[in-house]
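Q: I have a structure open and want to learn how to read its features. Can we go through some together?

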Amino acid sequence: MADRRRGSVAIFAAVVLLSACSAEQKPLFPAILNVGVTSGSPGWGLVDAAGDRGGFDHDLTNWLGSQLGFRPVPVDVVTKNRENDLLGGALSLVVATYSITDKRREKGIDFAGPYMLTQQGVMVRAEDKGAYRTVADLRGRTICVTSGSTSSSQLHGELGFPVTIVEKNTNEECRQALHSRQIDAVSTDQLLLAGIQRTDPAVSVPVEIVFGHQERYGVGVPVADKERCEVIRRKLVEFITSDLWETFFRNNLPGVPLDGHKPDPTRLDPC
């Protein structure tokens, strides 16, 4: 009988200890999470005149928060600062048309994704669109890109002829430079340009001018947060295979064909 009691006490103590350990474990995601976003990218991350946010990345961020139990706090981030803000702890995630690249991984960034595919294109003044029919029409032009983006390297490495590159902090600054005739064109991802074109009838995005490698948007996290990355990756598989991906795309980029932009959910990158 004594042995039985001792065994029961030992089991009870083990259960209490396991319960205490479980209670002390922190949730994978805190209740509030700083997320790097854009505020001037129509169709992706935009703050309107009333102060309301919208866009594909905005909708995706809120959906991830609802699924993973955190309230996202949007923090505006410019392209060139994304890595530093993630690694310095100012941000926990970046959901801001953030292209997955080996160079960024080498800096200590991991990615869940991709959740969107696109390619490089250009935007010109609508009045000049007749002068831009092929990639060759960019020869000798002055083209604006955002600092820290993949656009600059693509212009240097993919065109095969010289162009003059001007760097700005945001695509909005490039758009303004286009209208003030400081530059001839703006170059970035075609889907980003499609969003801008919807809000500015004075610009044109020639659909025939496509170049460079495929851009693959992912959710950026510090490489040390591998567990979070894996959880987000699994959620992105659900997101892409559900109707939500198409719903968010059509709501935020109406009229833009879906073809070629949806990733294969069975081939997302491992974290």
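A: Start with Arg181. In this predicted model, Arg181 sits in the loop between helix 6 (171-179) and strand 10.

Q: What is the phi of Arg181 near?

A: Phi of Arg181 is near 65 degrees. That is a positive value in a residue other than glycine.

Q: Is Arg181 buried, partly exposed or exposed?

A: Read the relative accessibility. Buried means under 20%, exposed means over 50%, and partly exposed is in between. Arg181 has 47%, so Arg181 counts as partly exposed.

Q: Which strand holds Thr97, and what is the phi of Thr97?

A: Thr97 lies in strand 6 (residues 93-99). Its phi is positive, about 40 degrees, although Thr97 is not a glycine. Now use the cut-off again. Thr97 has 12% relative accessibility, so Thr97 counts as buried.

Q: Is the peptide bond from Gly113 to Pro114 cis or trans?

A: Look at omega. For the bond from Gly113 to Pro114, omega is near 10 degrees, and the bond is cis. Pro114 belongs to strand 7 (residues 109-125).

Q: Where is Ser187 placed, and is Ser187 buried or exposed?

A: Find strand 10 (residues 185-189); Ser187 is in that strand. The relative accessibility of Ser187 is 0%, so Ser187 counts as buried.

Q: What does the side chain of Ser187 join in a polar contact?

A: Look for pairs of N or O atoms. The side chains of Ser187 and Gln120 are joined by a polar contact of 3.0 Å. There is also a backbone partner to find. A polar atom of the Ser187 side chain lies 2.9 Å from the backbone oxygen of Gly121.

Q: Which residues is Ser187 in contact with, leaving aside neighbours within four places in sequence?

A: Gln120 and Gly121 are again on the list, along with Val122. Ile143, Cys144 and Val145 are there too. Ser151, Leu155 and Phe211 complete the set.

Q: Where does Ser149 lie?

A: Ser149 is in a loop, between strand 8 (142-146) and helix 5 (151-158). With 18% relative accessibility, Ser149 counts as buried.

Q: What does the side chain of Ser149 reach?

A: The side chain of Ser149 reaches the backbone nitrogen of Ser151, at 3.3 Å. Next, set aside neighbours within four places in sequence. Ser149 is then in contact with Thr79 and Arg104.

Q: How many residues of helix 7 are buried?

A: Count along the helix. Helix 7 (residues 190-199) has seven buried residues out of 10, so this helix is mostly covered.

Q: How are two packed helices described?

A: Two numbers are used: the angle between the axes and the distance between the axes. Take helix 2 (residues 56-68) and helix 8 (residues 226-241). They pack at an angle of about 115 degrees, and their axes are 11 Å apart.

Q: What does that angle make helix 2 and helix 8: roughly parallel or roughly perpendicular?

A: Helix 2 and helix 8 are roughly perpendicular to each other. Their crossing is right-handed.

Q: Which residues make the contact?

A: From helix 2, Phe56, Leu60, Trp63, Leu64, Gln67 and Leu68 take part. From helix 8, Val231, Ile232, Lys235, Leu236, Glu238 and Phe239 take part. Sort them by class. The contact has nine nonpolar residues, one polar and two charged.

Q: Where is Asp59 placed, and what does Asp59 contact?

A: Asp59 is in helix 2. The relative accessible area of Asp59 is 23%, so Asp59 is partly exposed. Leave aside neighbours within four places in sequence. Asp59 is then in contact with Phe248 and Asn252.

Q: Which helix holds Val237, and which residues does Val237 touch?

A: Val237 lies in helix 8. At 25% relative accessibility, Val237 counts as partly exposed. Not counting residues up to four places away in sequence, Val237 touches Pro265 and Leu268. Now compare chain and space. Val237 and Ile165 are 72 residues apart along the chain, with 37 Å between their C-alpha atoms.

How values were computed:
Residues are numbered from 1 along each chain as its sequence is written. This is a predicted model: local features need pLDDT of at least 70, side-chain atom pairs count only at pLDDT 80 or more; totals for chains, interfaces and linings use all residues. Side-chain values use heavy atoms; hydrogens and water are left out. Helices (H or I, at least four residues) and strands (E, at least two) are DSSP runs, numbered from the N terminus. Buried means under 20% relative accessible area, exposed over 50%, partly exposed in between (1.4 Å probe, protein chains only). A polar contact is a pair of N or O atoms within 3.5 Å; within protein, one must be able to donate a hydrogen and the other to accept it, and residues adjacent in sequence count only if both atoms are side-chain atoms. Contact means heavy atoms within 4.5 Å. Axes are lines fitted to C-alpha atoms, for helices over the stretch in contact, and angles run from 0 to 180 degrees between N-to-C directions. Angles under 35 degrees count as roughly parallel, over 145 as roughly antiparallel, 65 to 115 as roughly perpendicular and the rest as oblique. A crossing is left-handed if the near helix is turned anticlockwise from the far one by less than a right angle, and right-handed if clockwise. Ala, Val, Leu, Ile, Met, Phe, Trp, Tyr, Cys and Pro count as nonpolar, Asp, Glu, Lys and Arg as charged, and the others, Gly among them, as polar.
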